[in-house]
Amino acid sequence: MKKNLPNNIAAICWHGGTEPPFSGKYNDFYEVGTYHCVSCDQLLFSSQCKYNSYSGWPSYFDADGELELIQDHSHGMIREEVKCAKCHVHLGHVFDDGPEPTGKRYCINSLVLNFKPECL
Ligand SMILES: [Zn+2]
């Protein structure tokens with residue numbers, strides 16, 4: 001089931017697009033809460049795993065929800081594509097240059113994330 005998404009979000013979700021670096025609303029954003037899939041609302045990441053990678057995109061060293069990882073050989077690189085395990089929209093890529101303890105860097109587009117502040 002495809003939700004009606006604005007064109008710039010649909011371009012990422014369904015066509016593997018990437019938002020321009022430093023353009024996303026969650027790039028420089030460190031509120032406490034959780035990040036959910038913009039398409040199906042599934043929990044994906046928590047603010048506890050978010051860090052500044054200076055890449056221009058929201059970065060996490062670990063996931064909180066179910067992700068689907070797919071080998072991506074486009075653009076002459078071997079990367080691992082990150083998708084939502086529930087609705088299979090494209091979220092970003094994961095790299096092996098992240099911080100301890102996982103060594104992973106989940107590089108995710110802000111446009112496919114929906115932040116929910118933690119209820120205190
Ligand atoms: Zn989803």
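Which residues does G98 touch, not counting residues up to four places away in sequence?

**Entry 1: ground rules.** I am reading a predicted model, in which local features need pLDDT of at least 70, side-chain atom pairs count only at pLDDT 80 or more, and totals for chains, interfaces and linings use all residues. Residues are numbered from 1 along each chain as its sequence is written.

**Entry 2: G98.** I found that G98 touches F61, G103, K104 and R105, leaving aside residues up to four places away in sequence. Contact here means that the C-beta atoms of two residues, placed from the backbone, lie within 7 Å. I located G98 in the loop between strand 7 (90–95) and strand 8 (105–108). G98 counts as buried because it has 20 C-beta neighbours inside 10 Å. The cut-offs are 20 or more other C-beta atoms within 10 Å for buried, 12 or fewer for exposed, and partly exposed in between. I also checked Y60, which is 38 residues from G98 in sequence and 8.2 Å from it in space, C-alpha to C-alpha.

**Entry 3: the chain.** I noted 1 helix and 9 strands in the protein chain. Helices (H or I, at least four residues) and strands (E, at least two) are DSSP runs, numbered from the N terminus. From the N terminus on, the order is α-β-β-β-β-β-β-β-β-β. The C-alpha atoms fill a box of roughly 35 × 30 × 25 Å along the principal axes. The radius of gyration is 13 Å, which agrees with a compact globule because one of 120 residues would have a value near 14 Å. That radius is taken over C-alpha atoms, and the globule rule is 2.2 Å times the number of residues to the power 0.38. Buried residues make up 30% of the 120 residues. Of the contacts with a separation of 6 or more, 51% are between residues 24 or more positions apart.

Entry 4: I looked up an open sheet of 3 strands, which has the order 2-1-9 and antiparallel pairing. Its edge strands are strand 2 (43–46) and strand 9 (113–117), each pairing on one side only. Two strands pair if DSSP finds at least two bridges between them. Strand 1 (residues 33–37) is joined to strand 9 by 5 bridges, and strand 1 pairs with strand 2 over 3 bridges. I followed Y35 to both sides: its bridge partner is F115 in strand 9 and F45 in strand 2. Strand 1 and strand 2 form a hairpin with 5 residues between them, and D41 in the turn has a positive phi of about 75°.

**Entry 5: the core.** Which residues have the most contacts inside the largest nonpolar core? I listed L44, Y106, I108, V112 and L113, in a core of 23 residues. A nonpolar core is a set of buried Ala, Val, Leu, Ile, Met, Phe, Trp, Tyr and Cys residues joined through C-beta atoms within 7 Å. Strand 8 gives the most to this core, with 3 residues.

I then took L113, the bridge partner of C37 in strand 9. L113 touches Y26, Y35, V38, L44, P58 and I108, not counting residues up to four places away in sequence.
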